[in-house]
Structure formats: C-alpha cells, structure tokens
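Reader: Please show the structure, and then let us discuss it in questions and answers.

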Amino acid sequence: MLRKLFKIQRDEFPVLKSITAPVYDTALNWVDPYIEYFAQYPMAVLAIDQELAQNPRFKTFYENTHYKRQDLKSLIYRPVDRLAKISFPLVEIQRRSPPTNKDGLETIPQILDIIGYLRRATNVVVDDGTMKAKLWGYKQSLVYPFAGEIETCLDLDLCLGLNDPLRTMVHSGKLLRESETAGEWSEVFVLLLDNYLIVTAPKEKEGVTKYYIEKRIALELLTLGSFTNAPVPRFQPTSRGNMNIFGRGRSIDHKDYLYPLHLVAYASITGRPTASCLNLILYADGEESRTKWRTELEGAIGLRKHVQEAKMAFHLTALSDLETFRIAPPLALGPGGSNGWISGRVHCSATLTIFNEQGGRLQLIAAGCDEGIGMALQGDMTTWRRLMPLKGVTQCATLDDFGIFLVLAEGDLYAYPIENLVPAARNFIMASGGARPRTFQRMNTKSDVHHFTIGTYQGRTLVAYVMKHGTDSIVCVQEPVVGKISDSSRNNSWWSSARATGQGKYWFRDYIQPFKVASTAFDCTFFKGKIVIPFNKGFHVLNLSNLDLSVVLPRRDESRFGSILARRCEASRPLGIFPASGSDLLACYEDFGFWIDRKGDISRRNSNGVPYIIEWECKARKVAYHEPYLLIFTPRFIEYL
C-alpha cells in the first residue's frame, strides 16, 4: 500500500485526486491476517512472561534490549495500537474533501466501516485469546492431590481435555466456602471451562501460585440448584469467640454478606469417583457476582449439551418401555408387569436370529432378568414375552455360527439350540411363559460358574468360563463340537442318555486343561488370542498356545510402579485390559486406568517419572471396548473415551 501511495504522490503532485483505491484494497486484505494476529497476541504475552520467570538469560536480554525505547511487549502490541489510529487520517481527509468528492461520499465511509468491523472482530478474538492464555497459565499451575499427598500423576490433558485446541475457559474467579472450623471461611478458586467446572485451593510458595484440584465436575453431570437463597453474614464469631479472618473487629453492614450458589452433581472428588449425589455450596461476595456465575454456568451447560449431541458417537435406541420390566415391591401379591410377569432387574441382553417357515430372517432380542429370560422381536417393544423361567440370570450370549444360546443362571452355564429355544416364528407373538426347552446342556459339572466369555483363537470359536473353587478360581476353555450339536438338537432323547453315561460335555470339548488361579477371579475376556482374567492382584493373562508363558500384569514392582498407584490398585477392583494408542495397553480399574506396555511395565509417565493415570467420572461397574472407543458403564450413565 505504501509503495502505491508514493506512486500516486509522484504522478499527481502537487494535487492528489484520490488515494482511497490502494487503501480500500489493503483494508479488504487486512481482515484475516489481523484477526489471526490478534488471536495469538495474548498467548505471545503469556509466553514472554513465562520465559521471564524461568529463564534468567532471557530476562537479562529483555531488560537490556529496546527498540526506540520500547521493549518486546510494546513491539508486539504495535499492530494492535496502530489499528485504532489508522482511521484518524481518513476521517480528516473526509472532513477536508469537497462535498462532491467521491472519496468523501462513498469510498472513505466504506473503508471506515471495514476498519470498524475489524476492530469489533478483533476485540472478540482478543477476549477469547485472553481466556485461552489464562487457561494455559492455569494449566501449568494445576496440581492433583491424592489422599493428602501431592501426586501429579493424573493426566490432566486427557481427563480435562486440556489438549483440545478448541478448549476455552468461560469464567473464573474466587469464591468462598464454609470451613471445617465453625464460623470460618476458606477461599477457593473456581475455573469454569467449556467442559468442566474445577474447584481448586490456591497456595502460594516462593512467589509461585499452585492450584490444587479439589473437585472436578463434568458439565454433563452438573445441575444448578438455588441461586436465590438469602445471603448469610460474612463476619461471624468463631468457636474461639473471635471474629473470623475476613472480619476481625469490623461491624456488620449490608455489604458484609455472602451469597450462596447451590450446585448438584455426580462427580469425581479428588480421585474418589462416587455415584452418590454431591451437593456443593459456594459463596459469592455480592449479588452481581452470583448472578454472573449463574449466567455463565447456564450458558456453558447449554452449549456443552449441544456440542455433545452434535458429536455423539453412539445412537441409543429404547428396546422396551417402562411397563415391560418390573421389580416386585415389598410384600407384593399377585402377578405384575405388562404380561403378568415381575421380571426383577435386567442384567444382560443378546441378539438372536431365527427363520420363519418362508425362510425369512427374524431378529430377536433376549434379556436376562432375575426371574427368567424375556424375548421380543427387534424393533417391536410390544412383543416382549417371558420364554424361559430360569432364576437369577446374569449373563447370556449367542454362538451364531453354531445356533447356540448360552445362559448363566444361579451359577450354572446352560447351552440351548436356538431353533428349539423359541416357538415357531409365526406363533412367537402369541407365546408367553413357555416351559424350559427339553434340549439343553449344563456345561459345568461341579463348581459354581461366575462369568463366561466368547472369543476366537486361530479360527476356532471358544467359550471360557470361571468357576469358584474355595478361595481359588478354575478357568475352563471349551470349543463346540459341530456334529454333536446338530444331532442332539434334533433328538430330544439324547439328554437322558447323556446324563446316564455322565457325558456332561456332549456338545463341547476341552480346548485346554482347566487352569487354576490362586485367587477369586472377577471376570474373563478374550484379548488378541489370550484370555485376560481380572483378580485381586491385577490381570492374569492366559496364553492359549503355551500356559507356561502366562503372566500377571501389571508388574507391581515398587521401583517401577510407585507406592501411591500401588495403593490405589489394591483399593480398586480390576475390570479389564484394552488396546490404547500405539502398542500401549490401558489397564482399567473401577475408579481409574493407566497405561502399560506388553511386558506390564508403566509406559506413560510425566517429566518426574510419575505414572500417568486417567479417572472415570463415576465408579465403573463394567468396561467394554468397541473400536476405537472405550465404554465405561456406571450406575447413572455410559462414559466413552
């Protein structure tokens, strides 16, 4: 632009007819570069401040290097300052131009409009950039305490989503809360991000302030309580008879009141996820501050809800209505439920495929309950019927390639042929409360079965189940025998002869010899050709090709593991091991997870060598892997990573 203006001056001297063409063209091209620059300006200032605090050589350079008596911060601010001044000469040219001059009538007002728009837009991005810079500054100062000890192993970037470039801080500020000492107030610093509300306790040491996380609440789990309760006196006598730290010797007037903010949430509290309701009451120092917090919280919660709905990875479909499955009330008499059936709690579900007389495929849903197995046509919740009167069903699954339906009920594992399990497809809707099918097999012979799972290994379909044997557990791995299943499913007389001859495994044969685990096993799952068995010491990984190569993960050696993480593992129930990014594995417990390598050693640590962990929002009951997502099932919701 400057070269073009000099050219106009040389060509038209001494009277310039117009200079607006190059200015107008440049103004149109200013918008994107200016907005990009302004967005990064607050981060640049923060970077300078951080470098000054930690780099003495840079501090010396900064203090002794100036350009025209301006330091580095002043220099990077010059484009910001220049934009505010660039309109002054244009306004003066417009004022001095003749009334009929086209520049004064049309072009200069258009340029001023562009500059005005740019100033408004840059104010917005500067405010947003300032909040991002503050968030980045707080990120460097956040500390995670656990059990009274300072432990910085929580992966805050992952748990709080701080590594998301779109993450923003909506609001922040100091609030008060009631102290454990009667009449005392303690100060907390609260950060409201676009995904979390974080309550911290600030502590300053040697001029550096650290923010110790006390509560972190996902906005999806946060509900606003009352923001209209009457204020309470700020200055109250303590148990010692003195005024508290905020008001010793002062008289109470209308300004000496605190205004309560009531929040309700299901949230993690300093490393101890809970499913119980958390009532959090904080206090603002004025009605204006309380109203500001309410407005920002409502906006952040509403925006978070829309964002989550837009990026939802799974679509939930209701398979039943509220009347389908019922739990008997105390002292209940008579039948209940929509079909005269009190089902009890639903514990599991599975899909089945049957064929009608025309050869068409019908998809069924089976649900295992306290009082039996219910089935319905998929997509038609009005067809739910109880078809099996088994008690205490806790697991069910389908072997599709073999036409077998597996059910774990009251410690026994049963196998049923699907073609004999349900009535004829044309009569399915009319069927209700059917008797137990005659053709079935009880797979276990002695001990109670606690869990079972289905998987494949080297092209073979396998069923693994865990039986309790005193204080130990027995793991059995079997494979179905195709010919015997098809023969017996068409001959109902086979079962009596099998019982008489003791052929308890007529449909299945052992793939390996039963394996003993010297502890109580909590579950069993297939994972990449191996069977993972969670027990109280971690995870027993059973190598199907060579039992001698079986290992226990993680390797809880004190030098590698860390004492705090070891205590947390002892206090939390292991749930499973699942693939993570790269070659890492994620070891999942009820409350948290951490990364290990194939040998069982910790694979992710911070700069101090402390293991990184990730915490769930609530105590998990079950964890499942659906590539590429990890699903954490809790009593109130399903969390996925």
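Predicted model: local features only at pLDDT ≥ 70, side-chain atom pairs only at ≥ 80, totals over all residues.

Reader: Which residue of E32 is the bridge partner of Pro579?

Author: Strand E31 (residues 574-579) runs antiparallel to E32, and five bridges join the two. They form a hairpin with five residues between them, and Gly582 in the turn has a positive phi of about 70°. The bridge partner of Pro579 in E32 is Leu585.

Reader: In strand E36, what is the bridge partner of His626?

Author: Strands E35 (residues 622-626) and E36 (residues 629-633) are paired in the antiparallel sense over five bridges. A hairpin with two residues between the strands is formed by E35 and E36. In E36, the bridge partner of His626 is Tyr629.

Reader: How do the residues that line the second largest pocket divide into nonpolar, polar and charged?

Author: The second largest pocket has a volume of about 480 Å³. Of its 14 lining residues, the closest to the centre are Gln50, Gly137, Gln140, Ser141 and Val208. Helix H2 (20-54), helix H6 (102-141) and strand E7 (208-218) are the elements that give two or more residues to this lining. The lining residues of the second largest pocket divide into five nonpolar, seven polar and two charged.

Reader: Does Leu135 count as buried or exposed?

Author: Leu135 is found in helix H6. Not counting residues up to four places away in sequence, Leu135 touches Leu162, Arg167, Thr168, Met169 and Leu193. Leu135 has a relative accessibility of 10%, and the cut-off for burial is under 20%, so Leu135 counts as buried.

Reader: What is the omega of the cis peptide bond that joins Leu553 and Pro554?

Author: Pro554 lies in the loop between strand E30 (551-553) and helix H12 (558-561). A cis peptide bond also joins Phe13 and Pro14, with omega about 10°, and Pro14 is placed in the loop between helix H1 (2-12) and H2. For the bond between Leu553 and Pro554, omega is about -10°.

Reader: Why does Gln458 count as exposed?

Author: Gln458 is in the loop between strand E22 (449-457) and strand E23 (460-469). Gln458 has a positive phi of about 55°, although it is not a glycine. The cut-off for exposure is over 50%, and Gln458 counts as exposed because its relative accessibility is 65%.

Reader: What is the relative accessible area of Lys528?

Author: The place of Lys528 is in the loop between strand E27 (525-527) and strand E28 (530-535). Lys528 is not a glycine, yet has a positive phi of about 50°. Lys528 is exposed, and its relative accessible area is 56%.

Reader: Of the residues of the protein, what percentage count as buried?

Author: The secondary structure of the protein comes to 13 helices and 37 strands. The protein exposes about 34,700 Å², of which carbon and sulfur atoms supply 52%. Of its 641 residues, the share that count as buried is 45%.

Conventions
Residues numbered from 1 in each chain as written. Heavy atoms only, no water. Helix = DSSP H or I, 4+ residues; strand = E, 2+ residues; numbered from the N terminus. Buried < 20%, exposed > 50% of the residue type's maximum accessible area, 1.4 Å probe, protein only. Areas by Shrake-Rupley, 256 points an atom, 1.4 Å probe, with all protein chains shown as cover. Pairing = 2+ DSSP bridges. 1 Å grid on protein atoms, 1.4 Å probe; cavity = no way out; pocket = protein on both sides within 12 Å on 5 of 7 lines; lining within 4 Å. Points joined across faces, edges and corners; volume = space filled by probe spheres on them. Nonpolar A, V, L, I, M, F, W, Y, C, P; charged D, E, K, R; others polar. Contact = heavy atoms within 4.5 Å.
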